[in-house]
Amino acid sequence: MSEKEKKVKIYILGEGFDVPASSTILTALEYAGFQLTTGVGCREGFCGACATLYREKGDYKLQAGLACQTVVSDGMYIAQIPFVPAQKAMYDINEIEADINTFKEYYPILFRCVGCNTCTKACPQDIEVMDYVQALIKGDIEKAADLSFDCIRCGLCALRCPAEIVQYNAAMLARRLYGKYIMPDSPDLNKRVEEMVEGKYESELDKAVQMDAEELKETYYKRDIKTE
Amino acid sequence: MYLDYMRESIKNVEKTRAERLKLAKSGKPIVERMSDKEREEVLNKFHPDYKEESRKKVRIGPNKGDKLTSEVVDILEAYSRVQPDYFDLENPDYETDVLVIGAGSAGFCAAILADENGADVTLATKLRSGDSNSMMAQGGIQAAVRPDDSPYLHYLDVMGGGHFDNKSDLVRALVSEAPGAIKWLQELGVMFDRNEDGTMLTKPGGGTCRPRMHSARDYSGAGMCRVLRDEVENRADRINILEHQPAVELIKDEKGKVAGAILYHLQNKCYITVKAKSTIIATGGFGRLHVQGFETTNHYGATADGLVMAYRVGANLMYMDSVQYHPTGAVFPPQILGFLCTEKLRGLGAQPVNKNGELFVYPLEPRDVEASAFIRECKERGNGVATPDGNVGIWLDTPLIEQINGSGTIKSNLPAMLRQFDRFDIDIRKDPMLVYPTLHYQNGGIEINDKCETKVEGLYVAGESTGGVHGRNRLMGNSQLDLMVFGRRAGKFAAEYAKSTKLGKLTLNHVNEYEKEVEKIGIDKDKIAPVVLPDYIPDKVKKKQYTAHPEGTLR
């Protein structure tokens, strides 16, 4: 960011700071002199650490986004949400079943959904949050797992929900149940795991480990390559 | 949104696309793969590691006299953050069997396996649980599962990718336990992509001789790491998680065994002592040291703290002269400079082309070779596209992905990539991405054996902090595998060791001894490590922060 670059004024905790117009909220905070120890993580939109509420100039709406992925605008007010004190169920994944009763037991709050869609509007990943909540209420774990797949667990849905639902934690349970119990078993994988236990490849690997540098190099460059 | 002059170059890419699509469908390599000799030549001339100033001799510690990456030498030749005399080691704040430092996938695996082997576990991490490079990985995890694949072929690929410098016993463990690791993850609830018949969907990666990459769309790292995090959280009665508390120094006992760590609480600024029968370092890599000024794909906390701590207690480093630059980091728009554009893009058929729309390299060479070819195309041949802020890149022709695999492929297989660029009004289904190599991975690290033990009793290491598994160049999908295989091994062996070990009196004497060496070579007193966090505050602001000390500068 060069000094000559066009600046905009943003408000951090209500105080105005001039920052480069191309900044994200995250780099703007740093430009203003804040070294972050919360509300910052991967800086690339994958970890959900930098949930932020903001309001743009002349707008009454409180918007939600990721600080690392949202470009500042002139007159923007921002507040970071470093932690979401949301309820998370404790369970042993081996002891529960992939059906609606699990959600009734661990996340009964799901059934309070009033269908207002505020969660969906708050989601920085553009996930159809309310739709997956509704899917869970109907016991459709597959749909919930699929719709919520891109969730990065920033917690903004839960923060904005008038029914106090913890969407992102319920979705985590849904995906684990789906991955473990509902997705098809992979016959190739099971077979290979068995073969490994039986030691089928041990002698081949013994040989490979014992190759000298020249032999190994030659074998490597000669190996046949399949891309399909 | 691309600028007008970039649009002109994109027209060249569009012009050659039909011809390149034909090539891709022909089943033959679209560009001849490089021979051994050609690889060597492009690496020697263009890989950033091969520049003279990239390495220098470290003057103290177990690797004394070795040439290491210069930025690493700078943090090894530095003072401690702590004054050993301040600490009452007789009365530690926590006592535990196994201390795991770092809550990425390697740390989680270690914590789970240590718990399953009967140990009491404490898991300390710098930021939040799960905040790690593991969470950011996009492409996938390798495992030889297909009937036409085998651990032997996987072994050859790992060794060849690493230029045959890898430690063979570690590679053997890596490839042998890969299928089991995938199965374990699936049983924990990871949603791996499948073919219609239920078999695992696998794609090729750079330097692999079979399609071996298992994925969870392009949130593969998150797909695994968030499940592991959830599993660890479900064991809260047995695994004590300490967030925002990076370790800054290891503790030893009087017999020289590692016996826990000093943590520093980033929020209330307290130092905390943890006494542990065994300690596992899973602190990840060094991207945030910005080696040679490169942008990085890495997490905010990736400052190689574990290397510094381990080095001070006497563990040696291996291949710490080798840096991985991922061929495809974003160059435009400036907000996402250095961000990872997953190798899965090329696995699905995206082709690197120059400003004239010409192919110039086989798209899936090992990463160091591919990255060097990109640098050559831009720097020597002048065939890159410059950006307004002084960077340069080549095109990664992503619209081909849909033409090869059918429309809708990008949305269903690469949602993160699509979203990342769409936020800045670039639709990668219609337009290519502008990319250039970006600092991605620490190839070397703390030397371990196949039980994850270091030279120092009681100290275990797993994941990116280790050296030897990948030689001097890691292949795509083997880092995720490394986390799972060696994370689990570290947890198991550290728990077993903890059962039989007895600790003597605790001490930080090694810190005093090490600092004497640092002083002898005349290092400035304000140079301290571990770095803990990078410092991005502009100088003109910092000048006015008279009494504040950003992390990384505090003494």
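This is a predicted model: local features need pLDDT of at least 70, side-chain atom pairs count only at pLDDT 80 or more; totals for chains, interfaces and linings use all residues.
**Two helices of chain A**

Helix α4 of chain A spans residues 129-137, and its axis lies 11 Å from that of α7(A), with an angle of about 55 degrees between the two. That angle makes α4(A) oblique to α7(A).

**Where chain A touches chain B**

Helix α7(A) also has a part in the meeting of the two chains. In total, 62 residues of chain A are in contact with 71 residues of chain B. On the chain A side, at least two residues each come from α1 (25-31), α7 (167-182), α8 (187-198), α9 (202-210) and α10 (213-222). Which element gives the largest share of that side? It is α7(A), with seven residues. By class, the chain A side of the contact is made up of 31 nonpolar, 13 polar and 18 charged residues.

Over in chain B, strand β16 covers residues 392-397, and five of its six residues are buried, so the strand is mostly covered.

With β14(B), residues 351-353, β16(B) pairs in the antiparallel sense over three bridges. Within that part of the model, B:V353 has B:W395 of β16(B) as its bridge partner. Strand β15(B), residues 385-386, is joined to β16(B) by two bridges, again running antiparallel; here B:A386 is bridged to B:V392. The hairpin of β15(B) and β16(B) has five residues between the strands, and in it B:G390 takes a positive phi near 90 degrees. Finally, β17(B), residues 433-442, pairs with β16(B) in the antiparallel sense over three bridges, and B:I394 finds its bridge partner in B:V435.

**A three-stranded open sheet**

Chain B also holds an open sheet of three strands, in the order β12-β18-β20, with mixed pairing. Why is one side of β12 and of β20 left without a neighbour in the sheet? Both β12 (317-318) and β20 (466-467) stand at the edges, and each has a single partner strand. Two bridges join β12(B) to β18(B), residues 445-447, and these strands run antiparallel. One bridge pair to look for is B:M318 with B:G445 in β18(B).

**A buried glycine**

The loop between β4 (121-124) and β5 (141-142) of chain B contains B:G139. Is B:G139 buried or exposed? There are 25 other C-beta atoms within 10 Å, and 20 or more are needed to count as buried, so B:G139 is buried. Leaving aside residues up to four places away in sequence, B:G139 touches several others, including B:G205, B:M213, B:S215, B:T342, B:K344 and B:M476. By contrast, B:E515 is 376 residues away along the chain, and its C-alpha atom is separated from that of B:G139 by 42 Å.

**Backbone details worth checking**

| Residue(s) | Feature | Angle |
|---|---|---|
| B:F332 and B:P333 | cis peptide bond | omega about -5 degrees |
| B:A529 and B:P530 | cis peptide bond | omega about 0 degrees |
| B:H244 | positive phi, residue other than glycine | phi near 60 degrees |
| B:Q292 | positive phi, residue other than glycine | phi near 50 degrees |

To find the prolines, look for B:P333 in the loop between β13 (323-330) and α10 (344-347) of chain B, and for B:P530 in the loop between α16 (509-520) and α17 (539-542) of chain B.

B:H244 is in the loop between β8 (239-242) and β9 (247-253) of chain B, and it counts as buried because it has 21 C-beta neighbours inside 10 Å. B:Q292 is in the loop between β11 (271-281) and α9 (305-312) of chain B; with 16 other C-beta atoms within 10 Å, B:Q292 is partly exposed.

Key. Residues are numbered from 1 along each chain as its sequence is written. Chains are lettered from A and ligands numbered from 1 in the order in which they are written. Two residues are in contact if their C-beta atoms, placed from the backbone, lie within 7 Å. Helices (H or I, at least four residues) and strands (E, at least two) are DSSP runs, numbered from the N terminus. Ala, Val, Leu, Ile, Met, Phe, Trp, Tyr, Cys and Pro count as nonpolar, Asp, Glu, Lys and Arg as charged, and the others, Gly among them, as polar. A residue is buried if 20 or more other C-beta atoms lie within 10 Å of its own, exposed if 12 or fewer, and partly exposed in between; C-beta atoms are placed from the backbone. Two strands pair if DSSP finds at least two bridges between them. Axes are lines fitted to C-alpha atoms, for helices over the stretch in contact, and angles run from 0 to 180 degrees between N-to-C directions. Angles under 35 degrees count as roughly parallel, over 145 as roughly antiparallel, 65 to 115 as roughly perpendicular and the rest as oblique.
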